Amino acid sequence: MSKYKLNTIKLTAVSFLILSLALLFQLFINNSNHKSFVEKSKIENLALQNQLDVILVKYDSITALYDANANTKLFDPETIPLTASVDAEESKEISFLKNEIADDKKSIEILNKKLFQNTNKLNSLLIGDKKSKIKPAAHLNAINVKAKGVKIISDLYAPSFSKNMQQIRVCFTLEANEFIPQGEKNIYIQVVNPKNQIISANNLSVKNEGTLLKYSEEVTAFFNQNDTDVCTYVNMEKSKVVRGKYLVNIYSNFKKIGTTTLEYN
């Protein structure tokens, strides 16, 4: 074998060895990269799986809340569905809004409690005021007041006057009232003729603290807190007997407690 062929074989062997080493080195690099890629892929797949699990849990929770509130109009911020991808800024805003809603709920509860208390207090005051208003008055009241003109059969009256009414018969009932003490009550009868003149044959009057009451007749009745019937007669004055409507007033302690009218034709 010639020297030239031997050198060629050596060169070929060295080249083949270098190529083999280069291929082995590249294979080693590729194998290392592949292992690194596989490990990284496993980690990323695990992270994605965790994110998916969280999303599924949230979805199940939201679905349950929606089903629970399907038949109600009540607003609950927890029932708002959340998207899977929420950045930090949105997450911060959501947290802030939830806190605001929670504070508003507390404020509403406080206001509702205050409203309930004030409403009960107002109702109590209104009921008390109503009771005070319907409390029976502690003064006499004359009901069923009736008046009728009558004549006196007597020789004391002149024939011309005897044609006119000579007295007025006044009857009434002192209404029952448990708030008025029992005892004798002075009742004053006042008759006013159509000319606005007070009939007072004996010029009767009573005065109290500067107030003057002119009346036609006085009657004393015993009041026992039950309905008490009273009747009396008022003597007429000849000069004041005229045709027309007469007004009959009933007084007790300077307070008018009843009235009626009498038509004389």
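1. Helices (H or I, at least four residues) and strands (E, at least two) are DSSP runs, numbered from the N terminus. On that basis the protein has three helices and 10 strands, and from the N terminus on its elements follow the order α-α-β-α-β-β-β-β-β-β-β-β-β.

2. A word of care is needed here, since this is a predicted model, in which local features need pLDDT of at least 70 and side-chain atom pairs count only at pLDDT 80 or more, whereas totals for chains, interfaces and linings use all residues. Residues are numbered from 1 along each chain as its sequence is written, and side-chain values use heavy atoms, with hydrogens and water left out.

3. Of the 265 residues in the protein, 23% are buried, where buried means under 20% relative accessible area, exposed means over 50%, and partly exposed lies in between (1.4 Å probe, protein chains only). If one takes the contacts (heavy atoms within 4.5 Å) between residues at least 6 apart in sequence, 66% of them join residues at least 24 apart.

4. Which residues touch the most other members of the largest nonpolar core? A nonpolar core is a set of buried Ala, Val, Leu, Ile, Met, Phe, Trp, Tyr and Cys residues joined through side-chain atoms within 4.5 Å, and in the largest one, which has 28 residues, the answer is Ile168, Val170, Phe172, Ile187, Tyr246 and Ile250. Two or more residues of this core come from each of strand E1 (142-150), strand E2 (167-174), E3, strand E7 (217-223), strand E8 (228-235), E9 and E10, and E2 provides the largest share, four residues. Apart from this core lies another, of five residues, among them Tyr188, Val206, Leu213 and Tyr215. As general background, nonpolar side chains tend to be buried together in soluble globular proteins.

5. Phe172, which is placed in strand E2, counts as buried because its relative accessibility is 2%. Leaving aside neighbours within four places in sequence, Phe172 is in contact with residues including Ala142, Val145, Ile187, Ile189, Val230 and Ile250. Phe172 and Asp229 are 57 residues apart in sequence, yet their C-alpha atoms are 6.0 Å apart in space. Ile187, again not counting residues up to four places away, touches Phe172, Val219, Ile250 and Ile257, among others.

6. A search of the whole structure finds two aromatic pairs; rings of Phe, Tyr and Trp (its six-membered ring) pair if their centres lie within 6.5 Å, and planes under 30 degrees apart count as stacked, over 60 as edge-to-face and the rest as tilted. Tyr188 and Tyr215 form a tilted pair, with 4.8 Å from centre to centre and 55 degrees between the planes. Because Tyr188 lies in strand E3 (residues 183-192) and Tyr215 in strand E6 (residues 211-215), this pair ties together parts that are 27 residues apart in sequence. Tyr188 is buried at a relative accessible area of 12%, and Tyr215 is buried at 7% relative accessibility.

7. Tyr246 and Tyr264 form an edge-to-face pair, with 6.4 Å from centre to centre and 70 degrees between the planes. Tyr246 belongs to strand E9 (residues 244-252) and Tyr264 to strand E10 (residues 255-264), so the pair ties together parts that are 18 residues apart in sequence. Tyr246 is buried, at 0% relative accessibility, and Tyr264 is buried, with a relative accessible area of 11%.

8. Arg243 is found in the loop between E8 and E9, and, not counting residues up to four places away in sequence, Arg243 touches Asn164, Pro194, Tyr264 and Asn265. Arg243 and Lys195 are 48 residues apart in sequence and 9.7 Å apart in space, C-alpha to C-alpha.

9. The largest pocket holds about 230 Å³ of space; on a 1 Å grid over the protein atoms alone, a pocket is an open set of points with protein on both sides within 12 Å along at least five of seven lines, and lining residues have an atom within 4 Å of a point. Grid points are joined across faces, edges and corners, and a volume is the space filled by probe spheres set on the points. Of the 15 residues that line the largest pocket, Leu140, Lys185, Asn186, Ser252 and Asn253 lie nearest its centre. E3 gives the most to this lining, with three residues.

Technical notes: On a 1 Å grid over the protein atoms alone, a cavity is a set of points where a 1.4 Å probe fits but cannot get out, and a pocket is an open set with protein on both sides within 12 Å along at least five of seven lines; lining residues have an atom within 4 Å of a point.
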